[in-house]
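Please look over the sequence and the model below.

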Amino acid sequence: MSQPTNTRIVLASRPEGRVKPGNFRIEEAAIPTPRDGEVLLKILYLSLDPYMRGRMDDAKSYAAPVAIDAVMEGGTVAEVIESRHPGYKNGDFVLSHSGWQSYAISDGGGLRKLDPEVAPLSTAVGILGMPGFTAYTGLLTIGQPKPGETVVVAAASGPVGSTVGQIARLKGARAIGIAGGPEKCAFIRDELGFDAAIDHHSPDFSEQLKLACPDGIDVYFENVGGAVWDAVFPLLNTFARIPVCGLIAQYDGLDTSGKDRLPHLMRDVLKKSLLIRGFIQREFVDQRPAFTEAMGKWLQSGEVKYREDIVEGLANAPEAFMGLLQGHNFGKLVIHVTD
């Protein structure tokens, strides 16, 4: 019987336009041995998120790009299987940032212990992790929805958008979700309780959105950009707030309209006193205890629900990630890293 090895998925080349299979390479390496003060982690779950597309480019951003031939980065849930660190023992489950590989070494920095009795381990990279925290902080800190206002969120069946809409409802606002396809729209409307769900693939998408927002839009949580933004923009009310979380339509060469939106945008920013703020969730780290407490209660009471899209096998991560960038996932996309 062959000895287990560390499967690693590395960045083989930088994408030109859409990500392609050839931009990745699967390697097998020896499982590393921890030294004093270190732990060996066996990766159980890998989170796939749109921000990873930006890390594949050699461009200035809020974080350094992944180097060529380096392991693709990503949040992970792992089990400590060998510990030489006083703070961890074999069998501990932790949240880590070990990337696209099946084993990793850590000195304990950045690890957070997880209790599988509190919630399924996969939720640590989903509703109780970065996506849930992003929705909570972006909506409540920047969007600040008030009772009776209209909140619109794009990519509404995804892990961030679905959470935004549910929190908006808890705060007394109307939640309008934009998603791709009737199944996703039915999910956010019928299972998550959104007030309306609009399919951005519909030929009369803009008109449907206008009908769903008769009093205009007070908060628009931006995850997409492109044609969805074009439909939302005319409906923004005076003093509308726009937390800009992502622009997935523009990450992977999908937005090819070539329109110069800047003059129209800046005119209405001034005319309507719009607040547009981009953010990275780590800016609000001081809010994490409040988020953990609130989300824990909402999940326990059933006031917030979540959906996961779990793909088996690390080798399937590249294909799953390419699908994510084109909207093929349904819920939080997670790789179950199996041997």
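## Burial and cysteines

A residue is buried when its relative accessible area is under 20%, exposed when over 50%, and partly exposed in between, with a 1.4 Å probe and protein chains only. By that rule C185 is buried, at 4% relative accessibility. C213 is buried too, with a relative accessible area of 3%.

This is a predicted model, in which local features need pLDDT of at least 70, side-chain atom pairs count only at pLDDT 80 or more, and totals for chains, interfaces and linings use all residues. Residues are numbered from 1 along each chain as its sequence is written, and side-chain values use heavy atoms, leaving out hydrogens and water.

How many disulfides are there? A disulfide is a pair of cysteine sulfur atoms within 2.5 Å. By this rule the count is 0. C185 is in no disulfide, and the nearest cysteine sulfur, that of C213, is 13 Å away. Seen from C213, the closest cysteine sulfur is in C185, and 13 Å is too far for a bond.

Helices (H or I, at least four residues) and strands (E, at least two) are DSSP runs, numbered from the N terminus. Strand 9 covers residues 174-179 and is mostly covered, with 5 of its 6 residues buried.

Two strands pair if DSSP finds at least two bridges between them. V151 stands opposite A175 in strand 9.

## Salt bridges

A salt bridge is a side-chain nitrogen of Lys or Arg within 4 Å of a carboxyl oxygen of Asp or Glu. The search of the whole structure finds 18 of them. R8, R25, E27 and D69 are linked in a network of salt bridges.

E38 and R35 meet through their side chains at 3.5 Å, N to O. E38 is buried at 12% relative accessibility, while R35 is exposed at 60%. K89 bridges to D92, with the closest N and O atoms 2.9 Å apart. K89 is exposed at 53% relative accessibility; D92 is buried at 9%.

The pair K271 and D268 has its closest N and O atoms 3.6 Å apart. Both residues lie in helix 7 (residues 262-271), 3 residues apart, about one turn of the helix. D268 counts as buried, at 5% relative accessibility.

## The second largest pocket

Rolling a probe the size of a water molecule over the atoms shows where empty space is left. On a 1 Å grid over the protein atoms alone, a cavity is a set of points where a 1.4 Å probe fits but cannot get out; a pocket is an open set with protein on both sides within 12 Å along at least five of seven lines; lining residues have an atom within 4 Å of a point. The second largest pocket holds about 340 Å³ of space. Its lining has 18 residues, and R112, V118, A119, L128 and T292 are the closest to its centre.

Strand 7 (112-114) and helix 8 (288-301) each supply at least two lining residues. Helix 8 gives the most, with 6 residues. The lining of this pocket divides into 10 nonpolar, 4 polar and 4 charged residues. Here Ala, Val, Leu, Ile, Met, Phe, Trp, Tyr, Cys and Pro count as nonpolar, Asp, Glu, Lys and Arg as charged, and the others, Gly among them, as polar. For the volume, grid points are joined across faces, edges and corners, and the space filled by probe spheres set on the points is taken.
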